[in-house]
Amino acid sequence: MCGIVGIVGKGLVNQALYDALLVLQHRGQDAAGIVTCEGERLHLRKDKGLVRDVFRTRNMLQLRGTMGVGHARYPTAGAASSAEAQPFYVNSPYGIVLAHNGNLTNAEELKRDLFVDDLRHINTDSDSEVLLNIFAHELQVQGKLRIDEQDIFRAVSGVHRRCRGGYAAVAMIPGFGVFGFRDPFGIRPLIYGRRETDEGTEYMIASESVALNTLGFTLIADVAPGEAVFISVDGELHTQQCAAAPVLSPCIFEFVYLARPDSIIDNISVHKARSRMGKRLAAKIKREWAAHDIDVVIPIPDTSRTAALQLANHLNLPYSEGFIKNRYIGRTFIMPGQKVRKQSVRQKLNAIDLEFKKKNVLLVDDSIVRGTTSQQIIQMAREAGANRVYFASAAPPVRFPNVYGIDMPSAVELVAHGRTVGEVAEFLGADGLIYQDLDDLIQAVQKRGKSHVDRFDCSVFDGHYVTGDVTADYLQHLETNRNDYAKEVHSLYSENVIGLHNTA
């Protein structure tokens, strides 16, 4: 999960790219980067940290040009280090800049092919650099001095033939244009729009519609699965389907947690989807727990508010804000490393004692992943004087790793993996626990007649991976190399290497 954006404008685009990344900051807090194009020259600024910290006035003044690409990074594959901040650049052919959201499931195989067959060197552990080099090779083998949009589309077709997994990307070629493409299953979101200015029409490609809305762009469409969208430097828009058999299968966790509620993904309102999750969870409580003794419903801010409010309304229960959130602490789920996540929970939330004292409270969250955050929040509710603390999840139990770009690589780190609901409740310290049913979640997100979704990727809940190439051996390799401990060791190693290089 990362935030990506590309803009072709009529004037300078540095401020628009910066503003778009601020709006997409919820998708990644590890690093940020912008590359702009001024004529044939590229200007780059990227580093580890939040958008507001990476870009200072002096950096913005250097980012000249009328088109550019931006990225807010969330570490999954690779380490949480400045070495893997995006966008990435490769000089051959033509000079290509790329920002990527997602994860390639055959990245190791592709690395070997790039070295042995394509004679290309990969300098980081990031699969985004692999994706960039695959595209660059597919463009280079066409052997043309000057290219057009059809050459771009043929190269994207080559990417689809070779790459597996979930990927949405925006890329730029100096003096030529900006383009975006989405994997044949449409697992990660990508959307594009335009706005009219006195100088002419400007275009934006971004991860979520909220980036377009806040900058005054009008939505044109989601990039379809397998589709590529190209905008020339002169502002001409071209689209083409580049995959043989696309099937729209977006990640359902985007609607549960990842996306902003004011976004629309694949013609589905995230806010409305979360509202329907609350209604369906309330219906389950009525069916299975009619004799409950809940006094008040309290959401875990912020993503669960919509579901919690609807749940309370449909159960005719009081709804109350029992936690105050420190808005200067980032989203704990997307922080790199479990140790940092655990330290941040009590810095992020503070309980209002009056809302808990001597009450039976139902805490509502969007999901439960590792369980350590939920565990601490339940303890906070007890310390605030709650009589009994129940917990509800607007999503089903997360029992399986995610392989398409969300930081859930290790099954043993998921609290529901290998545990019953009762055992999870005991681990969390809750007096009762209720999960959303998967069928209800799918129905809540898939508003009939509104979206064109063929199916959802629900792999974190049911273990069925839509790309069909995820084996037990791959999952074991993922667990060994991308659990929290492995990533912390890798990150420390990367930072030490960079530190030694900087002091040499």
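Predicted model: local features only at pLDDT ≥ 70, side-chain atom pairs only at ≥ 80, totals over all residues.
Me: In β10, which residue is the bridge partner of Val-8?
Reply: Residues are numbered from 1 along each chain as its sequence is written, and side-chain values use heavy atoms, leaving out hydrogens and water. Strands β1 (residues 3-8) and β10 (residues 200-206) run antiparallel and are joined by four bridges; strands (E, at least two residues) and helices (H or I, at least four) are DSSP runs, numbered from the N terminus. In β10, the residue bridged to Val-8 is Tyr-203.

Me: Which strands stand at the edges of the sheet?
Reply: The open sheet has seven strands, with antiparallel pairing (a pair needs at least two DSSP bridges), in the order β3-β2-β4-β1-β10-β9-β11. Two strands have a single partner each, so one side of each lacks a neighbour in the sheet: β3 (41-48) and β11 (218-222).

Me: What does the twist average from one strand to the next?
Reply: Axes here are lines fitted to C-alpha atoms (for helices, over the stretch in contact), and angles run from 0 to 180 degrees between N-to-C directions. From strand to strand, the average twist is 15°.

Me: At about what angle does helix α1 run to β2?
Reply: Helix α1 (residues 14-23) lies across β1, β2 (31-38), β4 (67-73), β9 (191-197) and β10. Relative to β2, α1 runs at about 160°.

Me: How far apart are the end C-alpha atoms of helix α9?
Reply: Helix α9 covers residues 270-288, 19 residues, and the expected span is 1.5 Å times one less than the number of residues. That should come to 27 Å, and it agrees with the model, where the end C-alpha atoms are separated by 27 Å.

Me: Is Arg-448 buried or exposed?
Reply: Arg-448 sits in the loop between α14 (438-445) and α15 (459-462). Buried means under 20% relative accessible area, exposed over 50%, and partly exposed in between (1.4 Å probe, protein chains only). At a relative accessible area of 58%, Arg-448 is exposed.

Me: Which cysteine sulfur is nearest to that of Cys-2?
Reply: The structure holds zero disulfides (pairs of cysteine sulfur atoms within 2.5 Å). Cys-2 is therefore in none, and 13 Å away is the nearest cysteine sulfur. Cys-2 is buried, with a relative accessible area of 6%. The nearest sulfur belongs to Cys-251.

Me: About what phi does Leu-119 have?
Reply: Leu-119 lies in the loop between α4 (107-116) and α5 (127-140), and is exposed, with a relative accessible area of 71%. Although Leu-119 is not a glycine, its phi is positive, at about 60°.

Terms used
Contact = heavy atoms within 4.5 Å.
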